[in-house]
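Subject: Structure handover

Hi,

Here is the structure for you to look through. My notes follow below it.

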Amino acid sequence: MSNYAVLRGASYTLAHTPDMVIHDGATQVTERVVNPDGDYLKELPKHLRSYEDAVKYAPNQAYIGNIDNEELKAVAFPWYENPTEITDRTGKYGEIMPEDEYYGLMQICDTFDLVELEAGFAADVKAKLAANGMFTDAQVAVLDKNANFTEESLAAVVADGGCGLYFNDKLVGVIKKAHDVDVNLSAHVMLENIASKATSVLSLLHLVRVTGIDPADIDYVIDCAEEACGDMNQRGGGNFAKAAAEIAGFSNATGSDTRGFCAGPAHALLNAASLVKAGTFKNVVVTAGGCTAKLGMNGKSHVEKGLPILEDCLAGFSVLISEDNGTDPVIRTDIVGRHTVGTGSSPQAVISSLVTDPLDAAGLKITDVDKYAPEMQNPDITKPAGAGDVPEANFKMIAALGVKKGAIEKKDLGNFIVEHGMKGWAPTQGHIPSGVPFMGPCRDMMLDGSIKRAMVIGKGSLFLGRMTNLFDGVSFVIEANNGQSEGGSGVSEEEVKCLIANALKDFAAGLLAQ
Amino acid sequence: MDLENQKRVKEFYDQYGADQLVVLVGAAEGEAGGLAAETVALGDPTFAGCLAGVSLKLPCYHICEPEIKEEIDEAVYDEQISMMEMVLDVDDICDEMNAIREQVAEA
């Protein structure tokens, strides 16, 4: 009974990394191998956005919390043609960090002296990070170790298998390989992992700012990004969570990594809410950093159609799940959808297992959920790439299932999508768009009373790992806190209704059996 | 079309031959369905996969096209596909798929 874990806050951060698009995005890395002299690589640099343009971009401002979904909806589409007037890099959930500062943050997050920055560049970045206000003096002082690094010394490291860090097309830093032979510790892998850790750390620091929690009060951290860290003897050994918690100063926390492709965050949030509800821990943080490989993932389509490269930011998020305080929205760990081994892979089977099955079991209708948060990819990015409007497709599927279930009329399908859906705003960084971008706005909307119930849906393409052909997904419901659950004695009106409905269902089944 | 899928289609083609194969796609949009059909019939238009410059001329249909729907048990179709049929722009998908098949016929 009751005593659910609550959603105490969420942070969202971006790092604008246009040079990393060129050097580290998988599409571009592949192109350099198969078609090094092709037009795409020649054209690409002309399509990169400035930091100022990335800040003014409406979906980015929605991600860090300076505009809400209604305000985003009011911006004329395509959004890349209609920038906002907002020049503020910080929002209520987080910030958009420029590339030079981000390289400095990568060095702060590097505990093995693998990151080296050119001395003058490092001095500039140090001053900027000090002014940012998010970092301690000791963290900023990490950049002092670059005094002897020159462009020549950095170039020598690159020639020896290191990865260059570029700013405005100039070599300003390197990531060294961490082992001479082990590919799991190559410079490329270390760059991906330190980049993921750094965006996670930035989000953790903002989570502390957003929620006001004392970092010492955090018991456990779960990382749910899509990278793996380890060496040749244990390739996915981990643990990003504890590594990031260390830099963020969560001195009393331990943690672990949870993986599930794009469904990872939903799995991690379920784990976190369950750990809190069980009383194992009081404060659990779910966190993830960004993915350099996905930078410019749809770049070819964007360049071909004359668009800017819109996948130019690494993204991160952190969510704080805590014991019930009677105020914050509750995570209903008893209304959970699961795509099981036996579910099947047709979209109808997937959506039924994640949406209608758990709602049916709880005695709820599709229309009883005010907002659904499936994959919230920004359609500005996906539509020109031929992938359509992903959130809208999900809302259409949920609505169509509602029609099949008789919960809504077919003519009301369009209204359902508007009322129960949202415009997507998340960067296409795999795990980042998957339900979790709504955790922050969801809390705000429940606290101000504009919605009462939401469903977060995470879906993952497991087959990409070639271990199984299966798809995956989990979902759960978040509800406004009725203040009665504290102490475990309160039963909500909805629960009473649900209990009565289930009792009547059992009674009817008994009669039929006779 | 995904590079790995191109490889698998090519392997099936080599194993069974064009007469024994139909490629069935489930793309969410006409354009994506058409691209897949083009890839397995005329060659990979992005020149990225193993079907670049390779014209297999395989017949390709979308799961929501009437020719395929007729072949499937009604109850199974209702349970597995009818929701997506309501969601997708089936007319647009059929137009795109027909256009590619016509191109193949003329080629």
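Leaving aside neighbours within four places in sequence, which residues is Val390(A) in contact with? They are Glu375(A), Gln377(A) and Thr382(A). Contact means heavy atoms within 4.5 Å.

Some ground rules. This is a predicted model, where local features need pLDDT of at least 70 and side-chain atom pairs count only at pLDDT 80 or more, while totals for chains, interfaces and linings use all residues. Residues are numbered from 1 along each chain as its sequence is written, chains are lettered from A and ligands numbered from 1 in the order written, and side-chain values use heavy atoms, leaving out hydrogens and water.

Back to Val390(A). It is found in helix H17 (residues 390-405) of chain A. Helices are DSSP runs of H or I, at least four residues, numbered from the N terminus. Val390(A) has a relative accessible area of 17%. That makes Val390(A) buried (under 20% relative accessible area, with a 1.4 Å probe and protein chains only). Met376(A) is 14 residues away along the chain, yet its C-alpha atom is 7.1 Å from that of Val390(A).

Next, the cores. A nonpolar core is a set of buried Ala, Val, Leu, Ile, Met, Phe, Trp, Tyr and Cys residues joined through side-chain atoms within 4.5 Å. The largest has 111 residues. Phe317(A), Val355(A), Tyr372(A) and Met439(A) touch the most other members. Domain 1 (6-322) and domain 2 (330-513) of chain A both give residues to this core, so it lies between them. The domain bounds come from an automatic or database assignment. A second, separate core has 58 residues, including Met20(A) and Tyr102(A).

Now the cavity. A cavity is a set of points on a 1 Å grid over the protein atoms alone, where a 1.4 Å probe fits but cannot get out. Lining residues have an atom within 4 Å of a point. The search of the whole structure finds one cavity of 30 Å³ or more. The largest cavity has a volume of about 70 Å³, which is the space filled by probe spheres set on grid points joined across faces, edges and corners. It is lined by 16 residues. Among those nearest its centre are Leu310(A) and Ile381(A). Domain 1 (6-322) and domain 2 (330-513) of chain A each give at least three residues to this lining.

Best wishes

Methods:
Buried < 20%, exposed > 50% of the residue type's maximum accessible area, 1.4 Å probe, protein only. Helix = DSSP H or I, 4+ residues; strand = E, 2+ residues; numbered from the N terminus. 1 Å grid on protein atoms, 1.4 Å probe; cavity = no way out; pocket = protein on both sides within 12 Å on 5 of 7 lines; lining within 4 Å.
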